[in-house]
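Welcome! Here is a short briefing to read alongside the sequence and the 3D view. Please have both open as you go through the points.

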Amino acid sequence: MAEDPLERIAREEQENKNKSLKTVTYALAAVAAALAILLGFVYFQKSSLVRDLNVEKQDLTEQIESLQADYDSLSSDYDAINSQLDSSREEVAQLVERIKSTDATNRSKMRQYEKELGTLRSIMRNYITQIDSLNTLNHKLTADAAAARREAAESKRQNEELTQQVENLSGQVAAGSVIKARGVNINAYNSSDKVTDRSSRTVRLLTNLSLVENDLAPKGPVVVYIRVKDPDGILLINSSSSSFSFGGEALQASASRRVDYEGKEVEMSIYLNDIPEYTKGVYTVEAYTEQSFLGKAELLLR
């Protein structure tokens, strides 16, 4: 039986509609699949970027914490630098806190923190340079001061040696300028002006000596004093006895005599008269000027 043309047309139209619907469905499915793939790619990319940013943040955090440790270990002996270091340490500590509280995806903040890190590193290098320079200068000044002290000590030592040499030379000159004597002796005389060794016959004692030649000694009048002691050590004096100063001490003289000394040898004698009595024993005589001890001698009277 032949198909009705109208039904055939209607059937063909229906079939065409079904084909178009399938085509649209396939197209939509393809678009949906493409969108899913694209969304998956975007998600993957975003996740990868976030991981990279977190890694960068962690690295930056570690760098800042390392710088913080470097600042904590840095010290100096200078108050001004220590004060500046304290301020910089506080800045580093604040930077550590800020980066820890900032999301890794905040790129502008991360770049800002990187710049601050670079600035703080530069400041630290400047501190190290200053401290090294000051330490070098301090060591130089310390060495210079030590050298100056050594030079001063050496100069002081040399001055002391020179002073001692001058004193020694002055002492030698002073010692060399002192009038000295030789040949000091003492004899007893009787009433006939004869030498005797009898105490009962002795009426006076005579001391002889010679002032030796000395060109360094002062020229002019010189008084020579004698101190005569009896066997009991008692100083013999009479009404004409005098006193003199020797070594800062006042001494009594048995007798004295003034002579003119011109640097040449001078022989002289000094009498001791008017002693009431002489006893047996050893008599001693000591001769002086006010500047020096000239010598001593002994006399035995029987």
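**A first look**

Four strands make up an open sheet, ordered β2-β1-β3-β8, with antiparallel pairing. At its edges stand β2 (195-196) and β8, each with a single partner strand, so one side of each has no neighbour in the sheet. Please keep in mind that this is a predicted model.

**The protein as a whole**

- The protein holds three helices and ten strands.
- Following the sequence, the pattern reads α-α-α-β-β-β-β-β-β-β-β-β-β.
- Of the 302 residues in the protein, 30% are buried.
- Among contacts with a separation of 6 or more, 66% are between residues 24 or more positions apart.

**Inside the open sheet**

- β1 and β2 run antiparallel and are joined by two bridges.
- Ser210 has Glu267 in β8 as its bridge partner.
- The two faces of β8 can be told apart: Val266, Met268, Ile270 and Leu272 form the covered face, while Glu267, Ser269 and Tyr271 form the uncovered one.

**A closer look at Ser210**

- Where does Ser210 sit? Its place is in strand β3.
- Is Ser210 buried or exposed? Ser210 counts as buried because its relative accessibility is 9%, and the cut-off for buried is under 20%.
- Leaving aside residues up to four places away in sequence, Ser210 touches Lys180, Ala181, Arg182, Glu265, Val266 and Glu267. Glu267, one of these contacts, is also the bridge partner of Ser210 in β8.

**Two hairpins to find**

- Strand β5 (residues 242-246) and strand β6 (residues 249-253) run antiparallel and are joined by five bridges. Within this pair, Ser242 has Ala253 in β6 as its bridge partner.
- Two residues lie between β5 and β6 in their hairpin, and Gly247 in the turn has a positive phi of about 60°.
- Eight bridges link β9 and β10, another antiparallel pair. Glu286, for example, is partnered by Lys296 in β10.
- How many residues does the hairpin that joins β9 to β10 pass through? The link is made through four residues.

**The nonpolar cores**

- In soluble globular proteins, nonpolar side chains tend to be buried together.
- The largest nonpolar core here has 30 residues, and those that touch the most other members are Leu205, Leu209, Leu211, Val224, Val228 and Leu236.
- Which elements give two or more residues to this core? They are β1 (181-189), β3 (204-211), β4 (220-229), β7 (255-261), β8 (266-272), β9 (281-288) and β10 (293-301).
- Another core, of 19 residues, lies apart from this one, and its members include Leu60, Leu67, Ile81 and Leu117.
- Not counting residues up to four places away in sequence, Leu209 touches Ala181, Arg182, Gly183, Val184, Val224, Val266, Glu267, Met268 and Ala287.

**The largest pocket**

- The volume of the largest pocket is about 200 Å³.
- Its lining is made of 14 residues, and Ile179, Pro221, Val222, Thr289 and Gln291 are the ones nearest its centre.
- Sorted by class, that lining has seven nonpolar, five polar and two charged residues.

**The cavity**

- How many cavities of 30 Å³ or more does a search of the whole structure find? The search finds one.
- The largest cavity has a volume of about 40 Å³.
- Around the largest cavity you will find Leu53, Glu56, Lys57, Leu60, Ala104, Arg107, Met110, Arg111 and Glu114 as its lining. Two or more of the lining residues come from each of α1 (5-73) and α3 (107-176).
- By class, the lining of the largest cavity counts four nonpolar, no polar and five charged residues.

Notes:
Residues are numbered from 1 along each chain as its sequence is written. This is a predicted model: local features need pLDDT of at least 70, side-chain atom pairs count only at pLDDT 80 or more; totals for chains, interfaces and linings use all residues. Side-chain values use heavy atoms; hydrogens and water are left out. On a 1 Å grid over the protein atoms alone, a cavity is a set of points where a 1.4 Å probe fits but cannot get out, and a pocket is an open set with protein on both sides within 12 Å along at least five of seven lines; lining residues have an atom within 4 Å of a point. Grid points are joined across faces, edges and corners, and a volume is the space filled by probe spheres set on the points. Ala, Val, Leu, Ile, Met, Phe, Trp, Tyr, Cys and Pro count as nonpolar, Asp, Glu, Lys and Arg as charged, and the others, Gly among them, as polar. A nonpolar core is a set of buried Ala, Val, Leu, Ile, Met, Phe, Trp, Tyr and Cys residues joined through side-chain atoms within 4.5 Å. Buried means under 20% relative accessible area, exposed over 50%, partly exposed in between (1.4 Å probe, protein chains only). Contact means heavy atoms within 4.5 Å. Two strands pair if DSSP finds at least two bridges between them.
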